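Here is a structure to work through by question and answer. Start with the sheet, then move to the charged side chains.

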Amino acid sequence: MARVLPRPRSPLAAVRRWYEEEMGWPTTGGEPVELLAGLRFDLLEMPADAGYAVLRRLPCTGPVALLRTGRDGNRPGNRPKLLIFIAAGGAEELPGILEWLEWGALAPDLTARGTGDRMPAPAFPTGPAPSYGFGVREAAGWVRPPRPGYEAENSLPTTGPGAGIRDVGGAPDLVRLVSAAATECHRARLLRAGNAQTDRARGDQPLAFSNASRMSAGTRPRSLTL
């Protein structure tokens, strides 16, 4: 009688089990595996060039993932994006924070994912180096991977009483994180625009947004004072 061997477990099934059992993060039931925002966390989303500048300014943020170009099944895009994990509910606060910081429409590249949104699930971390999944087709990879038992809701950037103490040895409060992200998104947009204008006269300053762009927009971002 022929012996029936068990079917090998899918690597994606292992990824789903790791996120659900080790992290307690809900995932979608199909493939590819996706993480659901709005329940245990929300996501601050920005172009990768701006995001890496934020990470240089803020060494402690909580988990951060890199979303590769054009591989997000939830949203279209033609540039790599960085997703910074924030406390659930933060996506709803983002527009109000930007208004309070007086950025308004000056940071169009800074968005958030919350209830009803999702992100591709990176392969779970296997060592000290960031994990980028199963080959070049993986949609997302960890830049700052999560740690089981540590990334609870109260360890992610948020607002409210006591949020300011997070800057001491932990993740920054959400207002400070948004301030840095809005500044770097605007700076990166101006750099890209400046690089595209090859006939720009020598000596012109494409980063003079601290005066020129704020004056033309009629606002002076409060975030530059934070």
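**Strand pairing and salt bridges**

In this predicted model, strands β3 (residues 64-67) and β4 (residues 81-86) pair in the antiparallel sense over four bridges.

Q: Which residue of β4 is the bridge partner of Leu 66?
A: Strands β3 and β4 pair in the antiparallel sense. Within β4, the bridge partner of Leu 66 is Leu 82.

Q: Which strands stand at the edges of the sheet, each with a single partner strand?
A: The open sheet has five strands in the order β5-β2-β4-β3-β7, with antiparallel pairing. One side of each edge strand is left without a neighbour in the sheet, because each has a single partner; these strands are β5 (111-113) and β7 (140-144).

Q: How many residues apart in sequence are the parts that Glu 45 and Arg 113 tie together?
A: The two side chains meet in a salt bridge, 2.7 Å from N to O. Glu 45 is buried at 4% relative accessibility. Arg 113 is buried too, at 0%. Glu 45 lies in β2 and Arg 113 in β5, so the parts tied together are apart in sequence by 68 residues.

Q: Is Asp 109 buried or exposed?
A: Asp 109 meets Arg 192 in a salt bridge (3.1 Å, N to O). Buried means under 20% relative accessible area. Asp 109 has 14%, so Asp 109 is buried.

Q: Which residues do salt bridges that share partners join into one network?
A: Arg 192 forms a salt bridge with Asp 49, at 2.6 Å between the closest N and O atoms. Arg 192 also meets Asp 109 in a salt bridge. Shared partners give one network: Asp 49, Arg 79, Asp 109, Arg 189 and Arg 192.

Note on methods. Residues are numbered from 1 along each chain as its sequence is written. This is a predicted model: local features need pLDDT of at least 70, side-chain atom pairs count only at pLDDT 80 or more; totals for chains, interfaces and linings use all residues. Side-chain values use heavy atoms; hydrogens and water are left out. Two strands pair if DSSP finds at least two bridges between them. Helices (H or I, at least four residues) and strands (E, at least two) are DSSP runs, numbered from the N terminus. A salt bridge is a side-chain nitrogen of Lys or Arg within 4 Å of a carboxyl oxygen of Asp or Glu. Buried means under 20% relative accessible area, exposed over 50%, partly exposed in between (1.4 Å probe, protein chains only).
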